[in-house]
Amino acid sequence: MGTSSGSNINQQPSSRMLPPRQQPRAGGLQTSLSLVSSDARLSPEDPRSNSDHIHESPTESASSRETWPTAEAIMAKKMENGKVENDFPEQSVIRRLSSADKISLRDIARERVDIVCEKMNHLPDEFLEELKNNLRAILDGNGGSQQREEFFILQKFVQSRTDLTAKTLIRAHRVQLEILVAINTGILAFLHPNISLSQTSLIEVFVYKRCRNIACQNQIPADDCTCEICTKRNGFCNLCMCVICNKFDFEVNTCRWVGCDLCSHWTHTDCAIRDGLICMGASVKSGAGPTEMLFRCRACNRTSELLGWVKDVFQHCAPAWEREALMRELDFVSRIFRGSEDPRGQKLFWKCEELKEKIKNGVADSTAACRAILMFFQELEVDSPKSLENGEGGRLIAPQEACNRIAEVVQEAIRKMEMVADEKMRMYKKARMAVEACDRELQDKAREVQELKLERQKKKQQVEELEKIVRLKNAEADMFQLKANEAKREADRLQRIALAKSDKSEEEYASSYLKQRLSEAEAEKQYLFEKIKLQESSRVSQNSGGSVDPSQMLMYSKMHDLLYSGAPKTDCLPNERHPFRKNP
């Protein structure tokens, strides 16, 4: 039988559970708690749909007792630090928000996920932190009945919704998801800034696929347990929760928890005593003869002996206990064996009561009391063979009865071995299925890699073809550019030839024009010369016959001067263009 809920995490069922100090997860659990215990506070409550078989423990489990700093103390410390760093009010941004932009806890609990997420994306971080602080104050439970009623209303809103599934919550805002999980589970730790779970883990906690215990966080049902409690009770984790009250705490290496030797489910000692699961019964080892104090597991309905379990707990854990822890453990043992009718159980009860009185009165310290109880367990081991040999009152056991007892013990051992074998076979099948799944996944990945290689080759061929086309087009472009350059050079040559021919034609035209004008001028000169001769001859005749007109004489003298003074000069140059171009 194990020693605590936290010390049995990830432990497989066996015929005898390991002693408390040899449990693999005890140290890990304590370490995980130490990371958050300095500034966090847990308040685990019952899940929303576990009304069956859930009762309150008479002394209240540690899950309902707050052991971390209160929310008011945390907020006061934060406000005090904020005043030192900044003289301005911390909530100045929130005051500037309009009433339409603000959201309340009831809005988060009632409205659709996407609508609330859209609003929260536009809200400042200070306002979101204020929402978490308000919910912390409600979950803290120090506000009286009004805050409890508000929490019940919020939880009713959340638990009555059917749209809060894993598909819809994946789109939720981080703060929105933390608030929904805290309302659904009633656990304050999900709102603590130092505890950061992934969004997937928060969603799995909300839909009861992961343990809500921050220190556990195992997938549920844990170890793929197929018992009725694990399959039908939402959010139940057999590694850290009580089968009866469904609560968890962080006590390890203690008699506060009782574990089943067969199915490894855990129960609070107080819950087991209250529900009568710790009582007198036939010996587990012999199956007959004297009765002893037994624990009957509600999950598998099988019994486990308690005396050996208590002895293992004290032998492995008592040397490390302080005075208060030792007093508490002695009180647990006293309550367990208070109604014992077994002589050994009665002796243990009396011894625990004696040691408690000595410690209270200061007669013995915790070290002496620890040595005394360990010596007592050694004496019980020495006395145990004698009592088994003589029975109750020194009666000798008949051979047939001894054979029956041996047969029952062998049958019990065979039954436990069969259970262990079944468990190992189940684990083997599970591992084999996992290996087969991995093999299938590897094959799928190999096919995907092959397809990607083929696709890559096709893309490579397409790229090469495109590169060829680009090179061809570049060559064509170079060829066309060369032809264009040649055509341009030919056009320039032809233009120069045309200009040269044009200039030559202009010169020839000017030359022919001047020659024509010159010939015309010569002809006119000859004409005028002949006319002058004729006029002179007529004048001579007139002079001989009569008087001469002076004006005519003046005109004849001017014409004579013009004719004999030289040829007329032209203003035209050889290359000049004339506006009156004519064919000569």
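**Close-up views of a predicted model**

**View 1. Strand 3 meets strand 4.** Strand 3 and strand 4 (residues 291-296) run antiparallel and are joined by five bridges; strands pair here if DSSP finds at least two bridges between them. Helices (H or I, at least four residues) and strands (E, at least two) are DSSP runs, numbered from the N terminus. This is a predicted model, where local features need pLDDT of at least 70, side-chain atom pairs count only at pLDDT 80 or more, and totals for chains, interfaces and linings use all residues. Residues are numbered from 1 along each chain as its sequence is written, and side-chain values use heavy atoms, leaving out hydrogens and water. Look for Cys-279, which sits opposite Leu-294 in strand 4.

View 2. Three antiparallel strands line up in the order 3-4-5. At the edges are strand 3 (278-282) and strand 5 (303-305), each pairing on one side only.

**View 3. Arg-212 in its loop.** You will find Arg-212 in the loop between helix 10 (199-206) and helix 11 (228-232). Arg-212 counts as buried because its relative accessibility is 5% (buried means under 20% relative accessible area, with a 1.4 Å probe and protein chains only). A polar atom of its side chain lies 2.9 Å from the backbone oxygen of Asn-246, and the backbone oxygen of Gly-235 lies 3.5 Å from a polar atom of the Arg-212 side chain.

**View 4. Helix 7 against helix 9.** Residues of helix 7, including Phe-151 and Leu-154, meet residues of helix 9, among them Leu-180 and Ile-183 (contact means heavy atoms within 4.5 Å).

Key:
Buried means under 20% relative accessible area, exposed over 50%, partly exposed in between (1.4 Å probe, protein chains only). A polar contact is a pair of N or O atoms within 3.5 Å; within protein, one must be able to donate a hydrogen and the other to accept it, and residues adjacent in sequence count only if both atoms are side-chain atoms.
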